[in-house]
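Please keep the structure in view while reading.

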Amino acid sequence: MLISAPTDYREAARRRLPPFLFHYIDGGAYAEYTMNRNQADLSAVALRQRILKNMAGLDTSISLLGQKFAFPAALAPVGLTGMYARRGEVQAARAAARKGIPFTLSTVSVCPIEEVQSQSPTPIWFQLYVLKDRGFMRHVLERAREAGVTTLVFTVDMPMPGARYRDIHSGMSGPYAAARRLAQAMGHPHWAWHVGVRGKPHDLGNISTYRGHPTGLQDYIGWLGRNYDPSISWKDLEWIRTFWKGPMLIKGILDVEDARDAVRFGADGIVVSNHGGRQLDGVPSSCRALPAIAQAVKGELAILADSGVRSGLDIARMVALGADAVLLGRAYIYALAAGGQNGVSRLLDLMEQELRVAMTLTGARTIDQLTRESLVKALS
Ligand code: FNR
């Protein structure tokens, strides 16, 4: 399939993947209202065109958490990435490093931390959930530190999972799921060979090492389901702070008061996120929540935002609304499923190019100059 725009990768991924995997990525919680709002609201944010501003020497780089990155984006933590492309986490981490942006490894990745970090030329970030098994949390953070991970992304919007009804229809879970998945894999021979056969082992690398035996897709939903911890509170984050000394971002903030609590707690940053509409359906889009949060805490910690970012223009919009950088979720996963490391590299090039056009035509020579002034007020 011919790819000319970042959004083309979704259709390319749909063709490549067995439906249970495509819909696991593509779907959201309940009726998917929030998921749909994320993109609809963001694309409605109108950029303010400015002209004749001499934009020679335009610079997309940013400083974040004491480091310099090529442009204001990082790859978001996404579970089971090694099921969408062969050793998918390694391929994505390499593409991110090549582009000069961070890659975040999910707790529930296929490839373990050590495999990904050892094959990435730059330090990766690691995402952790609060789980009932505190021994696992401690164990996995020690491994992350030893492997050379720099930054912890602590996801707090999953004290229990929001139901994704699409997964039952698609065969990801529900009746006869294993047989349905097998039948779908057989109908997608490219995936079956390159990922299903050559991408093994398919267990959850970080969890298998801890439990001492392979934890596969079947066990994944069960293990995680038993391990979500609805008792999570700020105390748990204080406990983590006692043994994680590096930068820590709190992911899953949508409310100004929670953002202020994150500042009081001493977080290095937050991710304004509704988990891509995969948790509480009915909450506002991230881009609607972002401006008030930015107004309350900008400058006191790093503000990242995700959910609905599909293009370089969307990156410009999120930054103009108050984010220091964005996380890319589905956008990069579609590209990875469709084209592996090269797909992600090309996606990032396309996004950077779009961002450059947005900066040039809004009169922003540096990322700092993308502000509320870069938006048409009536619609922002
Ligand atoms: C996610 N997300 C996620 N977040 C997290 O903290 N840990 C995880 O393991 C996962 N897993 C995961 C799987 C899949 C298939 C998706 C699509 C998303 C959420 C992710 O980090 C990010 O917040 C959203 O993807 C952002 O929304 P968009 O960009 O996908 O719309």
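In which helix is the place of Tyr220? Tyr220 sits in helix α11, which covers residues 217–227. The model is a predicted one.

Tyr220 has a relative accessibility of 8% and counts as buried, because buried means under 20% relative accessible area. If neighbours within four places in sequence are left aside, Tyr220 is in contact with Tyr24, Leu80, Val108, Leu204 and Thr215. Asp203 is 17 residues away from Tyr220 in sequence, and their C-alpha atoms are 8.5 Å apart in space.

Leu304 belongs to strand β9, residues 302–305. With a relative accessibility of 1%, Leu304 counts as buried. Not counting residues up to four places away in sequence, Leu304 touches Leu64, Trp125, Leu249, Ile270, Val271, Val272, Ala325 and Leu327. The C-alpha atoms of Leu304 and Ala29 are separated by 22 Å, and the two residues are 275 residues apart along the chain.

**Backbone details in loops**

Arg87 lies in the loop between β3 (73–75) and α4 (88–99). Arg87 is not a glycine, yet its phi is positive, at about 45°. Is Arg87 buried or exposed? Its relative accessible area is 15%, so Arg87 is buried.

Tyr176 is found in the loop between α7 (165–170) and α8 (177–186). Tyr176 also is a residue other than glycine with a positive phi, near 55°. Its relative accessible area is 70%, so Tyr176 is exposed.

Pro201 has its place in the loop between α9 (189–197) and α10 (205–211). The peptide bond that runs from Lys200 to Pro201 is cis, and its omega is near 0°.

**Helix pairs**

| Helix pair | Axis distance | Angle |
|---|---|---|
| α6 (134–147) and α12 (234–243) | 11 Å | about 35° |
| α13 (256–265) and α14 (286–297) | 9 Å | about 35° |
| α15 (312–320) and α16 (330–362) | within 7 Å | roughly 55° |

The axes of α15 and α16 cross at roughly 55°. That angle makes α15 oblique to α16. The crossing of these two helices is right-handed. On the α15 side, the residues that meet the partner are Gly312, Leu313, Ile315 and Ala316, and on the α16 side they are Met351, Glu354, Leu355 and Ala358. Sorted by class, the contact of α15 with α16 has 6 nonpolar residues, 1 polar residue and 1 charged residue.

Helix α13 packs against helix α14 at an angle of about 35°, and the crossing is right-handed. Val256, Ala259, Arg260 and Val263 of α13 make the contact with Ala292, Ile293, Ala296 and Val297 of α14. The residues of this contact comprise 7 nonpolar, no polar and 1 charged.

Which residues of α6 meet α12? They are Arg134, Met137, Arg138, Leu141 and Arg145, and their partners in α12 are Asp236, Trp239, Ile240 and Phe243. By class, the contact of α6 with α12 has 5 nonpolar, no polar and 4 charged residues. The crossing of α6 and α12 is right-handed.

**The whole chain**

How many helices and strands does the chain have? There are 16 helices and 10 strands. The radius of gyration of the chain is 20 Å, close to the 21 Å that the globule rule gives for 380 residues, so the chain is as compact as a globular protein of that length. Along the principal axes, the C-alpha atoms fill a box of roughly 60 × 50 × 40 Å.

Of the 380 residues, 58% count as buried; Tyr220, Leu304 and Arg87 are among them. Among contacts in the chain with a separation of 6 or more, 72% are between residues 24 or more positions apart.

Key. Residues are numbered from 1 along each chain as its sequence is written. This is a predicted model: local features need pLDDT of at least 70, side-chain atom pairs count only at pLDDT 80 or more; totals for chains, interfaces and linings use all residues. Side-chain values use heavy atoms; hydrogens and water are left out. Axes are lines fitted to C-alpha atoms, for helices over the stretch in contact, and angles run from 0 to 180 degrees between N-to-C directions. Helices (H or I, at least four residues) and strands (E, at least two) are DSSP runs, numbered from the N terminus. Angles under 35 degrees count as roughly parallel, over 145 as roughly antiparallel, 65 to 115 as roughly perpendicular and the rest as oblique. A crossing is left-handed if the near helix is turned anticlockwise from the far one by less than a right angle, and right-handed if clockwise. Contact means heavy atoms within 4.5 Å. Ala, Val, Leu, Ile, Met, Phe, Trp, Tyr, Cys and Pro count as nonpolar, Asp, Glu, Lys and Arg as charged, and the others, Gly among them, as polar. The radius of gyration is taken over C-alpha atoms; the globule rule is 2.2 Å times the number of residues to the power 0.38. Buried means under 20% relative accessible area, exposed over 50%, partly exposed in between (1.4 Å probe, protein chains only).
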